[in-house]
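Biologist: Please walk me through this model, starting with the ligand site.

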Amino acid sequence: MYKLSQLTPDGSIMLNGKKITDTILYVNGEYVKKSEAVISVYDSGFQHGDGVYEGIRAYGRKVYRLDEHIKRLYESCYTLNIDIGITQDEMKLIVKELVKKNIEAGIHDIHMRLQVTRGFKAQTGMHPTLNITNSSIVICVDEKPPIFNKDGIILITTWLKRYNPQYMDPKIHCCNQLNQIMAACEAIRQGADEAIMLDHNGYVAETNSTNLQLIKDGILVLPTLDSQLPGITRKAIIKIAKNFGMEVQERNVSISEFYNADEVFICGTVGEIVPVKMIDGKKIGTMIPGLITEKVSHEYKKMTEIFGVSIDD
Ligand SMILES: Cc1ncc(COP(=O)(O)O)c(C=O)c1O
């Protein structure tokens, strides 16, 4: 089977000329080096994107909002009739053990992609009756500080619509991300960082990989959850805003409202909270980051220290 360590003569993993840390992963019951990790080409994830995932961060020796991530994972699997085969508590123990192993190996800024697929197939074909094993459980670990430029990012609006539940419920956090990857390709083509995806009625849904919100006249305005992932970071932001005594509106929001907002920011586990400086070539607000974005980010940082599950318990 093909391993990452076969990519370069000395077995290192390279990205844009930079050496990538060889972390420890969990693959179907085993802890293995990233460079050596493999999975069958007959896995449902590889064959069809038939699986779900969670992006989870550890801050020091704590896994941030682990319970919420695991709950969302199990809910997506329940919808898709994927039997994970272990309890939520057992899954949390695996995550904690994996973080421990990586910290012991000197890994910092741990970001995990916990992926569960329908398992291996006896032969190709999408039908779940062709599956012959339990689900596959893979947890990729990367040394990955928040990925976006905190000085502000550039967005464009793509013609590609985000799914709504009529086609594919975005509340299922599924491995098949082609809808969003095509949007990301459009962003790259236009020299932007991310693409805003509208819903099937033309209102803003989210970006290809994050939730999106605006501040106008001191009010936090968020697109409804109809056509976007119910982000764990988004939920935390609502809580922060309410604690500040801010008015929070969850409603249909048009792209024009985003153009004319005082502040716009994206949010998600992998990038945390990041101000948006431009959308479709239009400058947003007057300051980057805006005062409220900065205040919310500051509070969010504090949350990451408090709402983590200790790997030592
Ligand atoms: C499409 C999409 N929106 C939003 C998010 C942010 O969600 P969270 O805050 O739970 O990381 C993600 C994260 O995976 C995502 O894939």
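**Ligand, helices and loops**

Modeller: In this predicted model, a nitrogen atom of the ligand is 2.6 Å from a side-chain N or O atom of glutamate 206.

Biologist: How many residues surround the ligand?
Modeller: Arg72, Glu206, Ile232, Thr233 and Thr269 are the closest ones. They belong to a shell whose count is 16 residues.

Biologist: How does that shell divide into nonpolar, polar and charged residues?
Modeller: The nonpolar residues number 3 and the charged residues number 3. The polar residues number 10.

Biologist: Which residue has a polar backbone atom 2.8 Å from an oxygen atom of the ligand?
Modeller: Tyrosine 53 also has a polar atom by a ligand oxygen, at 3.2 Å, but that atom is in the side chain. The backbone atom at 2.8 Å belongs to isoleucine 232.

Biologist: What percentage of the ligand's exposed area does the protein bury?
Modeller: Start from the ligand taken alone, which exposes 390 Å². Of that area, the protein buries 93%.

Biologist: Now the helices. Are α2 and α3 parallel or oblique to each other?
Modeller: Helix α2 spans residues 66–79 and helix α3 spans residues 88–104. Their axes are 10 Å apart, and the packing angle is about 125°. Angles over 145 degrees would count as roughly antiparallel, and 65 to 115 as roughly perpendicular. The pair is therefore oblique.

Biologist: In which hand does α2 pass α3, left or right?
Modeller: This concerns the crossing of α2 and α3. That crossing is right-handed.

Biologist: Is α5 roughly parallel or roughly perpendicular to α7?
Modeller: Helix α5 (residues 232–243) packs on helix α7 (residues 291–306) at about 115°, with axes 10 Å apart. That angle makes the two helices roughly perpendicular.

Biologist: Which peptide bond is cis, with omega near -10°?
Modeller: Most peptide bonds are trans. Look in the loop between β17 (282–283) and α7, where proline 289 lies. The cis bond runs from isoleucine 288 to proline 289.

Methods. Residues numbered from 1 in each chain as written. Predicted model: local features only at pLDDT ≥ 70, side-chain atom pairs only at ≥ 80, totals over all residues. Heavy atoms only, no water. Near = heavy atom within 4 Å. Polar contact = N/O pair within 3.5 Å; in protein donor to acceptor, adjacent residues only side chain to side chain. Areas by Shrake-Rupley, 256 points an atom, 1.4 Å probe, with all protein chains shown as cover. Nonpolar A, V, L, I, M, F, W, Y, C, P; charged D, E, K, R; others polar. Axes fitted to C-alpha atoms, helices over the stretch in contact; angles between N-to-C directions. Helix = DSSP H or I, 4+ residues; strand = E, 2+ residues; numbered from the N terminus. Parallel < 35°, antiparallel > 145°, perpendicular 65-115°, else oblique. Left-handed = near helix turned anticlockwise from the far one by under 90°.
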